[in-house]
Amino acid sequence: MISTRAKSVASINLCHAPRFTVQSLFVSIWSIINNVKFRVQMATDIRFNASLSRTDPQVQPVLIIGQLRHLNLLKFSQLADKLEPRVNEETFKNAIACLHPAPTDKCSLYLDVATVAALPLKASRHNTGSRAHSITRLVKNHVLNVNEESVVLVCERENLFASACAVVRAFPLYSRKTGNGNGGKSPSSEIGDGQPSRSVVNVEFVIIDKDGCVEQEPLSQDDINCLNETARGIRLAARIVDTPCNEMNVDHFIENVNEFAKELSIQPQVIRGEELRERGFGGIYGVGKAAAVPPALVVLSHEPKGAQETIALVGKGIVYDTGGLSIKGKTAMPGMKRDCGGAAAILGAFYAAVKCGFKDNLHAVFCLAENSVGPNATRPDDIHTLYSGRTVEINNTDAEGRLVLADGVCYANKDLKANIILDMATLTGAQGVATGKYHGAILTNSEPWESKALQAGRKSGDLLAPIIYCPELHFSEFASAIADMKNSVADRQNAQSSCAGLFVAAHLGFDYPGVWMHVDMATPVNCGERATGYGVALLLTLFGSHTNCGLLQSIAPGDEEPPSKRICRD
């Protein structure tokens with residue numbers, strides 16, 4: 001429905017349209033009906049363009065999004081290619097004048113096929129300057145899901161990457177609705193096959209420079225390639241998270257890894273089933289041994305010549321979490337297909353990082369298991385020896401993610417010799433209480449890298465907030481009388497998310513001389529019933545300076561000091 005303000009602007013548009021008659025109005029509406037074939041259930045291809053293409057909104061609807069201060073700087077001639085001949089300059093100016101975002105606002109320029117929308121006026125210091133979450137909501141609510149349409153982002157260059165990623169998050173891939181053109185079946189279906197059944201969204205940019213002028217230079221091909229690979233990584237992660245376990249068990253996840261490894265000319269290393277037990281991976285094996293499909297540790301390695309550092313990304317890939325014998329309730333279990341969100345994000349980020357020319361050694365470690373119930377299930381009171389050699393008394397089988405991650409980070413240290421290790425996981429429900437629905441939690445032994453991670457969150461739109469790193473006060477929560485530690489805290493009111501992360505760090509060793517970062521993204525992994533692809537843009541931004549991509553380098557957090565372990569502060 002068009003608001004009163006939008007109706008008034010639309011009426012101005014119709015009155016000033018060239019050779020306007022009632023007959024021409026009906027012809028226009030009939031043309032729109034014929035051209036706009038709604039495909040709500042169809043998969044969408046996202047196409048980034050270097051500059052504004054010339055289109056008629058009657059044939060290809062357009063949604064223009066920007067901050068009000070940026071929209072006010074625009075001249076009609078700078079958007080005429082997207083609006084003429086349906087919208088004239090007077091209508092455009094009146095529409096901008098009508099916008100009063102609280103927090104957002106939109107105004108129709110021509111029927112419902114040309115719309116301008118304003119983002120929130122302010123962004124606090126813990127938010128992203130791109131207003132990424134508002135962009136995603138506006139796109140979800142106001143695109144028409146037609147054969148082809150355009151989204152035009154009016155922003156500063158530093159917000160280009162986050163704004164583009166925000167649009168991508170509005171178009172999830174997976175669906176099992178009947179009649180769907182994609183259905184999420186193929187691991188390689190993130191990029192459209194060009195078939196008529198797929199709709200296309202063209203994403204284009206109007207860049208505002210620091211002087212308040214519109215940049216005339218189009219985006220470089222390097223920029224476009226970066227955005228395309230990032231979009232594919234985000235949509236890959238979201239598709240994996242959205243896919244239920246009967247279609248995304250450990251076997252299926254490995255198929256996805258193999259598919260993208262083949263594209264990158266990388267041979268995965270896979271350790272599965274009883275081999276995990278034989279080689280000492282007691283965490284991953286113990287969690288997944290009751291499932292019909294055996295658990296696995298899968299490693300992808302990118303090792304270019306001239307590498308100076310070794311970075312390992314470790315992902316929790318619990319393809320379904322029943323809670324094990326400490327079983328979840330009937331209302332807590334639905335949605336546990338998302339417990340592989342960390343591993344999914346790392347697969348998407350690894351793929352995009354390598355495609356963007358990652359210059360250092362980069363390893364992706366996937367800790368894959370289904371936490372199931374069966375005769376072989378781990379019992380509370382069982383004791384497992386993890387890859388670190390340390391023993392763990394199981395007092396909660398629903399605290400399984402930290403067990404698989406402990407094996408993963410230990411492997412990254414002992415076998416891969418990584419000097420920077422980042423693990424990512426949907427680890428604790430307490431993360432949502434500690435940092436909320438939009439911010440993941442960052443726990444790290446390095447203060448400089450904590451600062452970098454927070455900057456990367458704001459630059460990418462995958463927000464982060466710090467949680468307490470204080471093992472000398474918190475690790476005693478895991479005290480055991482008969483093993484090195486228990487796997488769940490004694491006091492659930494005492495910094496649960498921090499404690500869960502410290503369990504992982506304990507198997508790396510609190511004296512680990514490199515940088516360790518832990519990202520708990522249990523809540524931002526999804527918004528409503530759909531996955532967000534959280535983590536892909538964050539990791540690409542955080543390690544952007546390690547790539548050959550100019551766009552990622554421009555938004556990567558700066559080096560404050562060499563990575564080092566800060567044991568204590570005087």
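Helix 7 spans residues 160-168 and is mostly covered, with 9 of its 9 residues buried. Buried means under 20% relative accessible area, exposed over 50%, and partly exposed in between, with a 1.4 Å probe and protein chains only. Among the buried residues of helix 7 are Leu160, Phe161, Cys165 and Val168. Helices (H or I, at least four residues) and strands (E, at least two) are DSSP runs, numbered from the N terminus.

This is a predicted model, in which local features need pLDDT of at least 70, side-chain atom pairs count only at pLDDT 80 or more, and totals for chains, interfaces and linings use all residues. Residues are numbered from 1 along each chain as its sequence is written, and side-chain values use heavy atoms, with hydrogens and water left out.

The protein has 19 helices and 19 strands. Of its 570 residues, 59% count as buried. The average pLDDT (the predictor's confidence in each residue, from 0 to 100) is 91, and 87% of the residues score at least 70.

Some backbone features stand out. Most residues other than glycine have a negative phi, and most peptide bonds are trans. The table lists the exceptions described here.

| Residue | Feature | Angle |
|---|---|---|
| Proline 85 | cis bond from glutamate 84 | omega about 5 degrees |
| Proline 103 | cis bond from alanine 102 | omega near -5 degrees |
| Arginine 131 | positive phi | phi near 55 degrees |
| Lysine 417 | positive phi | phi about 55 degrees |

Proline 85 is in the loop between helix 4 (80-83) and helix 5 (89-98), while proline 103 lies in the loop between helix 5 and strand 3 (105-110). Arginine 131 is in the loop between strand 4 (114-118) and helix 6 (132-142); it counts as buried because its relative accessibility is 8%. Lysine 417 sits in the loop between helix 13 (401-414) and strand 13 (420-425), and it counts as exposed because its relative accessibility is 58%.

The accessible surface of the protein comes to about 22,700 Å², of which 50% belongs to carbon and sulfur atoms. These areas come from the Shrake-Rupley method with a 1.4 Å probe; for residues, only the protein chains shown count as cover.
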